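This report goes through a structure element by element, with the cut-offs behind each term. The sequence and coordinates come first.

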Amino acid sequence: MKKITFCLFAILGITNFTLAQVSFTSQSIATTGQYSICAVDMNGDYLDDIVSVSATNIQIFYQNLDGTFAETNITTTPADYLPSWSIAAGDLTGNGHNDLLYGGGSGVTFMIANGDGTAYTEVSGPEFVFSQRSNFVDINNDGHLDAFVCHDVAPNVYYINDGLGNLTFNQGGIGDYPSGGHYGSLWVDYNNDGDIDMFMAKCGGEPARRTNQLFKNNGDGTFTNVAVEAGLDDLIQTWSAAVGDFDNDGHMDMLVGASSFADGGHKLMRNNGDGTFSDVTAGSGFDIFNGTSVEHATYDFNNDGYLDIFGNSNSVFINNGDFTFTLVAVPFSGAAVGDFNNDGSLDTFRNGTIFYNTGNANNWITINTQGVQSNLNGIGARIEVYSALGTQIRDVRSGEGFKYMSSLNTHFGIGLDTQIDQIIIRWPSGIVDVIENPQINASFLAIEGEHILGTNDQTISTVSLFPNPTNDQLNINYKGALIGSIATIYDVSGRSIHSEIIKDNSINVKNLSAGTYFLNLNVEGKSTTLRFIKK
Amino acid sequence: MKKTASPILVFIIFLFFSCSSDNYVEDPIEEIPEVSPVNFDITAVPYATLSEYNFYQGAMSNLNPVYGVVPYDLITPLFTDYAHKKRFIWMPNNVKANYVSDSEIFNFPIGTMIIKNFYYDNVQPNNETKILETRVLIKKSDGWVFAEYIWNEDQTEAVLDMTGRNVPIAWTQNGETKSVNYRIPSQFECLTCHKSAGLKIPIGPKPQNINTNFDYTEGPKNQLTKWEEMGYLDSNYPSSITTTVKWDDPSQPLDLRMRSYFDSNCAHCHVTNGHCDYRPIRLSFNESSNPINLGICVEPQEDISLWLDVNPTHIIAPGDIENSVIYHRMNTTEDAIKMPLMGRSLVHEEAINLVVEWINSLPNTCQ
C-alpha cells in the first residue's frame, strides 16, 4: 500500500530536479457525514463545493467567491443504501442542482435535488447491486444523463433517464461476466470518434473474470468489448485506471493501476491513435514503484500542462511529459479533487480535511461546461486546449478513480504559456464549439452551441455531403444559396487545415490524407459542421 | 454398510409379515432397507416450494427430518448475524461421497442435496422461533445449483426466490434484545462466496469441519461414521483427520480457535480461486499455520485509513490491535471495509474478544 521507494527518488529525482513540484497545506473542515468523499459544484455556480453525506443528511459546504464556505444541511429520508463503495454526482433533471448516486454494497440510492436544491428525494431500487465505481454518463446519447454502476458479483447495471429523473434499471450489455469482477468504469472517448467509450478495470477470481475490458461505443446505444484488439485485455488485479493524454498527442492514454501485484504490476499504456495501446511502463517510474492502490486518477497538479497521476499511496507522480514520472510525497491518500479556493491550482479533500495546493507561477484555465442539447453538466464532452506547449485534451467525467467524486469543472495548466490559441469543445450532441484566445488564469463558462461551429441551427440542418466517404470530391447538398460561403476543413484534433470560398457546391479534397475530417460551413450567417471521411 | 431402518418401521414390517404370512422371514432389516420419502426428481429441482421435497415430517417448521435427511453440524460455523442454523444432507440411493482430503469438500455424488435452515429463537415481540430462509445446494450432472427458499410469516411454507431480501428482525439472547436488518442473499451473493474459479461449490462439509460427534436421536456418534453408516460416505477415508476446533471452546488452544474461526468465516474468499485470492492472505485451516498466510507482519495492500482514526501498519501486528487491519475490519459494520464483506451486518462481539486476545498473545513485533 504505502512504500515510497527511495531508489525511485534517486533515479528520477536527480534527472528532473528542475520540475515544478507540488506541495499542499491542510485545513480541517467540519464535515459530519460518514461519507466525506465528494467535492463538486452542487448549485450551478461552478465553484467546487464540499459534500458529506450520511443516511439522513446531505451536508454541503457551498464555496463562496472568496474561498470561504457556507454550510447547509439537508435532511433526507433514510437512504436504503449508503455510498460505502462510491459516490457520483450529476444533474439528472437538468435543473442546475446536482443529484447524487450512493453506490452501496447491496443496492443503489439516488438523491434527486429539487428545483432550488433545498431538498432531495430519495430513490432506491429494489435490485441487489454490489456497487463499485459509479458514474453519471449519457449512455444512450439522448441528451439526458444516465447512471452506470459497476457490479462486483454480477453483470453491470445502468439506469436510463427519461430526462425528468425517472430512471429505468438495466442489467446487461456493458460488462456481463456472470460473477462480475467489475471494479472501475472509466468513460472515455479512446478512439476520438466523438462518442463515449468505457474502460473497465477488473479484479479477482479466474482469469476470464478479471481480464480488463474496453467497451467501444457502437454509436447506436450498444457497446462491444474490444480490449483484445486494443491490447488492454490484461489480467492485472485492478480497481481503477488513470485515463488521460499523458504526452499531449491528442489521444487518451492510461495507467492501469495495480491493486495487488498478484498478477502483474502497474501498466502504463500509450494510445497509438489507431485503436491500439502499447505498453510503455518500462522506465516510466511505475515499473519500480512498489505501492499498490485501489485509487488512480489523473490531474495536472502543478499546472505545467502535463497530467500527473495520483493514487492512494500518499504520492503524486509528476508527469515529465515523456512517459516518465517523478514521485512526490503528498499528505493525502486517495481524495476528491477540485479547486476549493478558486485559485487555479487543484486541491484535494477527504474526510474533514482540505489539502490546499500552494500553487506556483504557472498559468491555467478552467473550462466549465454547460450543455444545452447535451446533458447540462456537459459530461462526456471532449475539451481540447491549444497553446504553445501543445494540445491538451480532457473528457468531462463523473466518477474518476474508484470511490470519490471530484470536480466536474475541467482544469488545464498551461505552464508558462501566456496565451491559449483556441479551445475546442466537442459535445456529446455532436455540436462543436470553438473559442479563440480565451482569457487565461480564469474560468471560462462554455455554453453548448454559443461559439462558431454550432450545428444547432435549424435553417441549415438540411445540409448533407456526398459521396461520404469520398476519394477526391466532396459535394454539398443544400437547397439554399451556398456559393460564396466559407467552408473550412478541420482535422479530428480540431486544427483548421483548409479554407475556401465555395464556388460550385463542391470541394476538392484530393490532397487530404485518409482519415476523418469536419467540414464547417458558414452560410447566411449560420454555422454548421459535418463529418466526412477521406478514403 | 446398509442403511439402518427406524425401530417403528421394523416393527410394522414385523407385524406385516407376522399377520399375513406363515412363512418365516429371516432378518427383514437386512432384506428391506428403509426408503427415504424425500421427493427427488433431478430434472425438476429446484422445486418452487420447499415442501415439495418432503424433507420434513409433521409441521414443516419443526424441521423434523424424514428418514434419509441426516442432520449435521460444523465444528465452527460461519457467523451470520447470530442466526441459528440447522443443517441436513441427503443423497439418493446407492451413491455416496468420497473423501478427497481433510481440508477439501467431499466429492459428492450427483443428486446430493445440502440443506441449511436459518432461524432465530426468542424473536420479538412474541418470543417465538422464526425460520427465515432455507438454502438448498443440489448437485446435478453439470454442477451445483443454488436454491433459496424464503419462509412465509405463518411458517408453513417457503418459496423459491433468488432475488434477495432484507428482513428486519429483533430477538433476545442472553437477556439482551438485538435487532438486525437480516439479509437473505440473492443468487449473486450466494455465488460470491460459494465459488471456486467461478464454479459453484459448497463450503462447509469438509472432513476437518465435521469430524466430531453429533447428538443423533439414537445418541451421540461421529458424523463421518454416521454418514458412512447411512451409505452417504465411502469408508475409504483416513482414521486420522486434521480437524478444526470449536472457536468458542476455551479449553482449546487459542491459535487453533482463531484459525478455525478464520477458516469458516474468511477462507471461502481468501483462498486460491476464491473471491479475494489476489490479496496476500490464505486463511484456510490447512494453510493458516504459516504466519505469513495469516497476514502476520504482512503490509496491507488497501488503504482503509479513510474509515479509521489510524492507518494500520500490518494485516496483523502482533500485540497491537490498533495496527492490525484484521481487527478493524472485523470490528466494523461499514460496508466498505467490513470483513466478511457479506453475510453479516452486525459485529460478532464474541469473535472480537477472540481476535483481540489472540493478537495480544502473538509474540514479537514486525520489523
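## Terms and basis

A residue is called buried if 20 or more other C-beta atoms lie within 10 Å of its own, exposed if 12 or fewer do, and partly exposed in between, with C-beta atoms placed from the backbone. Helices (H or I, at least four residues) and strands (E, at least two) are DSSP runs, numbered from the N terminus.

The model is predicted: local features need pLDDT of at least 70, side-chain atom pairs count only at pLDDT 80 or more, and totals for chains, interfaces and linings use all residues. Residues are numbered from 1 along each chain as its sequence is written, while chains are lettered from A and ligands numbered from 1 in the order in which they are written.

## Helix α9 of chain B

In α9(B), the buried residues are B:Ala351, B:Val355, B:Trp358 and B:Ile359. Seen down the helix axis, the buried residues of α9(B) fall within an arc of 95°, so they line one face; the arc is that of the directions from the helix axis to the C-beta atoms. An α-helix has 3.6 residues a turn, so residues three or four places apart point the same way. On the other side of α9(B), B:Glu349, B:Glu350, B:Asn353 and B:Ser361 are exposed.

The cover over the buried residues of α9(B) includes α6 (254–266) and α8 (325–330) of chain B. Helix α9(B) has 13 residues (349–361), which should span 18 Å at 1.5 Å a residue, and its end C-alpha atoms are 18 Å apart, in agreement. The expected span is 1.5 Å times one less than the number of residues.

## Nonpolar cores

A nonpolar core is a set of buried Ala, Val, Leu, Ile, Met, Phe, Trp, Tyr and Cys residues joined through C-beta atoms within 7 Å. The largest has 171 residues, and A:Cys38 and A:Phe199 touch the most other members. Strand β8 (residues 108–113) of chain A gives the most to this core, with five residues. A second, separate core of 40 residues includes B:Ile89, B:Phe108, B:Ile138 and B:Tyr149.

Leaving out residues up to four places away in sequence, A:Phe199 touches A:Leu186, A:Val188, A:Leu214, A:Leu232, A:Ala241, A:Val243 and A:Met254. Contact between two residues requires C-beta atoms, placed from the backbone, within 7 Å.

## Contact between the chains

In this model, 26 residues of chain B are in contact with 27 residues of chain A. On the side of chain B that touches chain A, β7 (163–173), β8 (176–186) and α3 (187–193) of chain B each supply at least two residues. Helix α3(B) gives the most to that side, with four residues.

## Backbone details

Two cis peptide bonds occur in loops of chain B. The bond from B:Gln124 to B:Pro125 is cis, with omega near 10°, and B:Pro125 sits in the loop between β3 (113–123) and β4 (128–140) of chain B. The bond from B:Met339 to B:Pro340 is also cis, with omega near -5°; B:Pro340 lies in the loop between α8 and α9 of chain B.

In chain A, A:Asn192 is not a glycine but has a positive phi of about 50°. A:Asn192 belongs to the loop between β14 (182–188) and β15 (197–202) of chain A and is partly exposed, with 17 other C-beta atoms within 10 Å. A:Asn342, again not a glycine, has a positive phi of about 55°. A:Asn342 is placed in the loop between β26 (336–338) and β27 (347–350) of chain A and counts as buried, with 20 C-beta neighbours inside 10 Å.
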